[in-house]
Amino acid sequence: MKIILAPDSFKGSMTATQVSKYMADSITEVYPQADIHALPVGDGGEGTMEALVNATNGSFHTASVTGPLGNHVTAQYGVLGDDTCVIEMAEASGLKHLTNDTLNAMTTTTYGTGELIYDALEKGYKKFILAIGGSATNDAGAGMLQALGAKLLDENGKDIAFGGGALQHIKQIDLSHFDTRIKHCEFIIATDVQNPLIGLDGASHVFGKQKGATEDNIKQLDDNLTHWANLVERSTHMRLHDLPGAGAAGGLGGAFKAFLPSHFEDGIQVVIKHTQLEQLLPNADLVITGEGKIDFQTFYGKTPMGIAKCAKQFDVPVIFIGGSIEVDIDQFDEVGVVSAFSLTDGPLSLAETLANSEKLIKKTTKNIIRTFFHNH
């Protein structure tokens, strides 16, 4: 039997690599001779870099950069086997560096993400994949641009401060010192977010609250992003206001669209391509994928749906595992999903589920395999 394991991370408990290992261990206990292919994946959020590096026998590099609140943090980026540089913006500018008490969408910056790009440019890399999920920022990518040499100047010709709250003070975008190596590079932006920059569907209104913004902050941030978009349009003739994807990562998506040679791809499709999943699917008997929560968001470019659609092309059945299942599984019939299993098999609190995640994923996987291959 040939089984492909392609889970995303279960946020708060297990990385995608850990989930894959626990699944594989439990399958081997039941069927020691099973042909198991573990492909931990991501959809543009945290875990994407690790999945791509591991799938291509790449390497990791470490740098000390500016964190979202202006303090120094240690961040990694990956280099794939073909010398493509993979940067997760969350490594430098992500929510993972903050606590509930330090969330502040008005002041958080993407400067450290720009520093990671600069570090890779210094090492000679020219092709980049940017996974931009998990951001703590709402600064329209201004910090990243500053780290790469752009001058964002106020009415006195001084550099503006960090954060989305300071965007209102920009009077001039000066690119005379912008890193000239960038124009010779290629940037693939891996994300499933299609939100515009401003408005009720924009970066501030949709994502601001989870980054610590109050209702008043959200209005101010949206006004500031509008001011920024007007300046960008005058400077580059690109209209970011209602451009799909410009609102990704607090407007970082828009900065890439306007100032760097880039194009957007669904995060899960980037990972599927680099992990060579399609080469493994012929003659596979089963694919198991999943994430922390299977809900309505799963339909919109999340890992399980992307994996299922790919497997459907080869008529390989798919089973979902989630920390919780909050949708009717019949809704996934069209993409070849035969069933979905929750880790919780009884009345467990979230804390209990997280604490016992390894045991639960192994137990659930074993039950699936015993049932699916009962004729063996």
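**Close-up views of a predicted model**

**View 1. Helix 1 meets helix 13.** Helix 1 (residues 16-30) and helix 13 (residues 357-372) have axes that come within 8 Å and cross at roughly 45 degrees. That angle makes helix 1 oblique to helix 13 (under 35 degrees counts as roughly parallel, over 145 as roughly antiparallel, 65 to 115 as roughly perpendicular and the rest as oblique). The two helices cross in a right-handed sense. From helix 1, the contact (heavy atoms within 4.5 Å) draws on Val19, Tyr22, Met23, Ser26, Ile27, Glu29 and Val30, and from helix 13 on Glu358, Ile361, Lys362, Thr365, Lys366, Ile369 and Arg370. By type, these residues are seven nonpolar, two polar and five charged.

A word on the model: it is predicted, with local features needing pLDDT of at least 70, side-chain atom pairs counting only at pLDDT 80 or more, and totals for chains, interfaces and linings using all residues. Numbering runs from 1 along each chain as its sequence is written, and side-chain values use heavy atoms, leaving out hydrogens and water.

**View 2. Helix 2 and its cover.** In helix 2 (residues 48-55), Thr48, Met49, Ala51, Leu52 and Val53 are buried (under 20% relative accessible area, with a 1.4 Å probe and protein chains only). Their cover includes strand 3 (59-66), strand 4 (72-79) and helix 9 (267-275). Just after helix 2, look for Asn57, with a positive phi of about 55 degrees.

**View 3. Around Phe128.** Beyond its neighbours within four places in sequence, Phe128 contacts residues including Ile87, Ile117, Leu121 and Phe187.

Technical notes: Axes are lines fitted to C-alpha atoms, for helices over the stretch in contact, and angles run from 0 to 180 degrees between N-to-C directions. Helices (H or I, at least four residues) and strands (E, at least two) are DSSP runs, numbered from the N terminus. A crossing is left-handed if the near helix is turned anticlockwise from the far one by less than a right angle, and right-handed if clockwise. Ala, Val, Leu, Ile, Met, Phe, Trp, Tyr, Cys and Pro count as nonpolar, Asp, Glu, Lys and Arg as charged, and the others, Gly among them, as polar. Buried means under 20% relative accessible area, exposed over 50%, partly exposed in between (1.4 Å probe, protein chains only).
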